[in-house]
Structures are given as C-alpha cells and as structure tokens.
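Me: I have a new structure to get through. Can you walk me through it?
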Amino acid sequence: MRIYNTLTNRKEEFIPLTSGKVMMYACGVTVYDYCHIGHARSAIVFDVIRRYLKYKSFDVKYVRNFTDIDDKIINKAQQEGITWDAVAKKYTDEYYRDMDRLGVGRADVEPRATEHISEMIAIVKGLIDKGYAYEVEGSVYFAVDKFSEYGKLSKRDMEEMIAGARVEVDERKRNPMDFALWKKSKEGEPSWESPWGLGRPGWHIECTAMSIKHLSESFDIHGGGADLIFPHHENEIAQSEAFTGKPFARYWIHNGFITIDKEKMSKSLDNFFTIKEILDKFDPEVIRLFLLSTHYRSPIEFSDEQLRETESSLDRFYSTIIRMNNFLEKDEDKGSSLDAENTFKERISSFMEKFEEAMDDDFNTALALGHTFEFIRDVNKFLDSRPSEQKAKELLQKTKELFSEAIDVLNIFGRTPQEWYLSLMVTKKIGFSEKDIIEKIRERQDARQNKDWARADMIRKELEEKGIILEDKKDGTDWKIKSG
RNA sequence: GGCGGCGUACCCAAGUGGCUAAGGGAGAGGUCUGCAAAACCUUUAUGCAGCGGUUCAAAUCCGCUCGCCGCCUCCA
C-alpha cells in the first residue's frame, strides 16, 4: 500500500510502526458554526481511509478531536448571548447530526481540547524547561528558531516567511514566527489555572497533547485539510518533536479543497454551502459518492449540476440491484449462455483485485469507483444474456457479497433500492406517497389489460410530471424516482 | 515576492514511460418494448493547454510559453 506523504512530497510504501497496527489522528473541527461541505470532505476522506485500513486487516486506532475552546467560539458566544461551552455543545451536536447522515463513523477516541488542559500545561512546562518556549506576561510562546527543522512539512524557509509575513507582528514575541502555546486570558474570558496565571491553550498544543495521550509520542498517520499544513501541522511537529525528542507522525495526509467557481470555499469569501443546505436538496449518499469520485488530494469544483450527475450515476447502481433482486426472486427465462457465464465469472474474480489495487495506490477512490461501475455493466450484460437459472443465482449471490465488501470500505451503495427511492422522494419533494403510486400503477394496469394505451400513457405521463418513472416488466410495473 | 499544485472528449474524472487513453453524466443511432423506461450495443479525444527536447517508445520525463488555482493570516 502506498500513501502520498506531505512530509516527503511523494508516495511511500506504508509501513506502520507496529506491524498490523495503525495509529491515526485527524484534525476535526472547531465547533463554533455549522459544518460546510469542505468539512464533510475531510471527514469522509479520513473515514474511508480508516475503513480501508480495517479492510486490510489492520488494527486501527483512530483519534479525531474537537476544538472546543478558541477565539471564534468566544466571539460566537457573545453574538448568540450564550456561554462558550453552550456554543461548543450546540455545534458538536450539529456536527454529529450532519456526519451521521453522511455515513461518517465515529472515531475510536474523540477528545476535546478542554478535557486535556492539564496535559497541555505539562507539555508547555516541559518546553520551557527544555528551552524551546518562553513566557511573556502570562502567555507562553514557542521559539521557532530553537527548532532547526521548522518548516520541514510546509517546505518553508524561515527567513522567507518573515520577509513575506503578512501577520501583524506581536512585540512580545522574540521572533515574528513564534506562536502561542498558552494565552493569557482577558477579563471575562474562559480561563484555566496555570503556572503562568489564568489563561487558555493556544490552538496547536491540543493536538500534540491529545495525540500523545491517546496514541503515542510517535504514531503512523496524521491528517487534515491541506490548509492545516501551515501553520497548524508545522507547529504541531515543532512543539511535539521538541518536547519528546522523537519523530511525531510518520505519514502526513492532506485532502484538497472544495471550490466554487474555481475559488476555495471559505467563510471570508462567503461562498460556502453548509452540509445542511445541501442535504435539503440531495441524498447524503449522493454527496458521499460525489466527494469520493475525485481523488482526495485534488480540488473539487462544487455545483448542483455535478451533484445531479452523481445522483444519476448512483441511480444506475440501484437500478442494477433491482434487476439482480428481480432475477434472484423470480423465475426468469432460461437460456443457454455458457460464454456469458464464463466471462462474468472472470469479471467477478477480478473485481475486488482491481478495487484493492486502486485503493492501495494512495486511496484512489475515483479509480475504485470506476472499476465498480465497470463491474455494474458486466452484471447488466450478464443479466441481459438470460442465463440459466441455478448457476446464475450463485454468481449473482457472489456479486452481492463483493458489493458488500466494497460497501464496507466506501460506505456507499449499502442501502436497498427501496430505501434509495424513498429517500429520493423526500429530497426531491415528490408530492406522491408510495401508496398513491401503487394505486396509479394498478389503475394503469387495468387500462393496459384492456389495451387502452391512451389511458395507460396518460397515467404514466401524469406520474412522470411528478418525477416518478414507471417501468413495465413482464410480471408487473416497477416505479422509481427520476434522478438527475 | 517565496513555495506548491493544476490544465485529459460537450461536462465531471482516472491514468504519471510501452496493450485499442478507465469510469460516470449528457447527446446521436440501434436492439428490446403496445409505446416508453431500464439495460445492452455502436458512436462523441489518431489525441491529453501550446511549442520544443530526451527516448526505440511520453498525456506521463525535461525546458520554455500561456491560462487557472492554493498556501505564506483563522480556515477542512
């Protein structure tokens, strides 16, 4: 298995510290507002990485944090007139609501910054003792020039950074690039006791404290959005390695951004969409498939049109599942098709091989999905060949097993077609209930029996205008929701 | 200014030295169907931003040019 490592800027063979075990940490969110689709991407990417590592039989320990104390949270509390911890609670709940719907699993440990104040203080103290940090008026800063490898992750040179720095220079810092480990709190702000007086932790120190506590001083994978490379992850490395004297994370994985009109989605540009807004219009599985249809490091241009296309392709999957189920449940015509059977057998045996090969190459979900859809066509082709019953049912059963393996990894394609269409009924705000549709189908069936084609077509058209598609089969009429 | 990335068909997108350049969406034609839909088949890049170069061989490596974007400030 190969993983692209931001630290070395190339794909590397993945070898965990302890054979068979993987310790991974991903930066979660600061809980001060609703999550947007960019947060969804990051969460889904690492969810899939975690699932795939498990699929590969690694014993995975996955840690993802919540930043629950920070300037933005304090500001939000003032705006909303509630306490800072009420803000954190509210948006943590919202985070779970969104992520649950998107099929993002819980991490094994989900630590919060405020639950690790004492660990952070201990590290800050240690850094002062070792000469890497200094106190000024109740705040503590990390001295970047004491850490000779500073800049190794973001490939930055200290002098250049200072020259190009747009950051306001804080006179109390010895070096403009120094960053806060501990911040003295102002009157009325949340604060904790520390050797330097009342204050609160700087942003970066929490990840150092929590990854060391819940994983180890050295661990395998650390990830997050590409915008965390600098300064967040660079600072984490500096303070962690200075503190422990050991290498921090070995593989750094960063996901690309979501763009709108080619520009990075961001709060300041006000060009972001919350997960909630999108879920109002699209099925969560569509969003997940859409985000995994592009390699995790590439940017993704977000648009409704793209989501509609994804919806159509997901519908292709479920339409095929319906065909398979129909075949498995009913007695279809038999035919002789040894060639088709043998060809399909070959496809079955090579599918997971290709799928794994794609995922092994830096988690190439886009390619893995390509193979999946190729396989879907093979399934349809096989069904078109009117295969002989008993053998075919065995093969289709095997196919379903393969799909469920892919499902375990991507957490897509896992529902029944019925669930899929019922969900589409809701997101597309179809005015008809399933019962209404079945009633209409029955009406139309009568008309068809009487060869009253005009009436049958009229009913079909009426439903189509509502977004409901009818498909006449030999032994009945199926309905589905129009996708795209 | 420094560092980095990207440019593949009508749209999205995989492919980073060697089989006919995956896959999805959309369009066109066909098979099937009472008619449809779905499915399948055929079709839409002799070419991968442009120009040079390296090589027996390049979308893939190198150079230049053009265009777009990101990071350097909180940010997934």
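Me: Among contacts in chain A between residues at least 6 apart in sequence, what share join residues at least 24 apart?
Reply: The share is 77%. Contact means heavy atoms within 4.5 Å.

Me: What kind of model is this, and how are things numbered?
Reply: This is a predicted model, where local features need pLDDT of at least 70, side-chain atom pairs count only at pLDDT 80 or more, and totals for chains, interfaces and linings use all residues. Residues are numbered from 1 along each chain as its sequence is written, chains are lettered from A and ligands numbered from 1 in the order in which they are written, and side-chain values use heavy atoms, with hydrogens and water left out.

Me: How many helices and strands does chain A have?
Reply: Chain A has 16 helices and 15 strands. These are DSSP runs numbered from the N terminus: helices (H or I) need at least four residues, strands (E) at least two.

Me: What does the C-alpha trace span?
Reply: Along its principal axes, the trace of chain A spans about 90 × 50 × 35 Å.

Me: And what percentage of its residues count as buried?
Reply: Of the 484 residues in chain A, 53% do. Buried means under 20% relative accessible area, exposed means over 50%, and partly exposed is in between (1.4 Å probe, protein chains only).

Me: What about the accessible surface of chain A?
Reply: That comes to about 22400 Å². Carbon and sulfur atoms hold 47% of it. The areas come from the Shrake-Rupley method with a 1.4 Å probe, and for residues only the protein chains shown count as cover.

Me: Now the sheets. What is the order in the open sheet of four strands?
Reply: The order is E4-E3-E9-E10, with parallel pairing. Two strands pair if DSSP finds at least two bridges between them.

Me: Which strands are at the edges?
Reply: Strand E4 (59-67) and strand E10 (249-255). Each pairs on one side only.

Me: How much are neighbouring strands turned against each other?
Reply: By 20° on average, direction ignored. Axes are lines fitted to C-alpha atoms, for helices over the stretch in contact, and angles run from 0 to 180 degrees between N-to-C directions.

Me: What packs on that sheet?
Reply: Helix H6 (residues 205-214) does, touching E3, E4 and strand E9 (219-225). The direction of H6 makes about 150° with that of E4.

Me: How many bridges join E3 to E4?
Reply: Eight bridges join strand E3 (residues 21-30) to E4. Met23 stands opposite Lys61 in E4.

Me: And on to E9 and E10?
Reply: E3 and E9 pair over three bridges. Met24 has Ile221 in E9 as its bridge partner. Six bridges then join E9 to E10, and there Gly223 has Ile253 in E10 as its partner.

Me: Is E9 mostly covered or mostly open?
Reply: Mostly covered. Seven of its seven residues are buried.

Me: What do E9, H7 and E10 make?
Reply: A right-handed β-α-β unit. Right-handed means that, with the strands pointing away from the viewer, the path from the first strand over the helix to the second runs clockwise.

Me: Switching topic. How many salt bridges are there?
Reply: A search of the whole structure finds 45. A salt bridge is a side-chain nitrogen of Lys or Arg within 4 Å of a carboxyl oxygen of Asp or Glu.

Me: Where do Glu80 and Lys90 sit?
Reply: Their side chains meet in a salt bridge (3.6 Å, N to O). Glu80 is in helix H2 (residues 71-80) and Lys90 in helix H3 (residues 84-101), ten residues apart. Glu80 is partly exposed, at 32%. Lys90 is partly exposed too, at 31%.

Me: What does Asp472 form a salt bridge with?
Reply: With Arg448, the closest N and O atoms being 3.3 Å apart. Asp472 lies in strand E14 (residues 468-473) and Arg448 in helix H15, so the pair ties together parts 24 residues apart in sequence.

Me: Which residues are linked in a network of salt bridges?
Reply: Asp315, Glu471, Lys473, Asp478 and Lys480.
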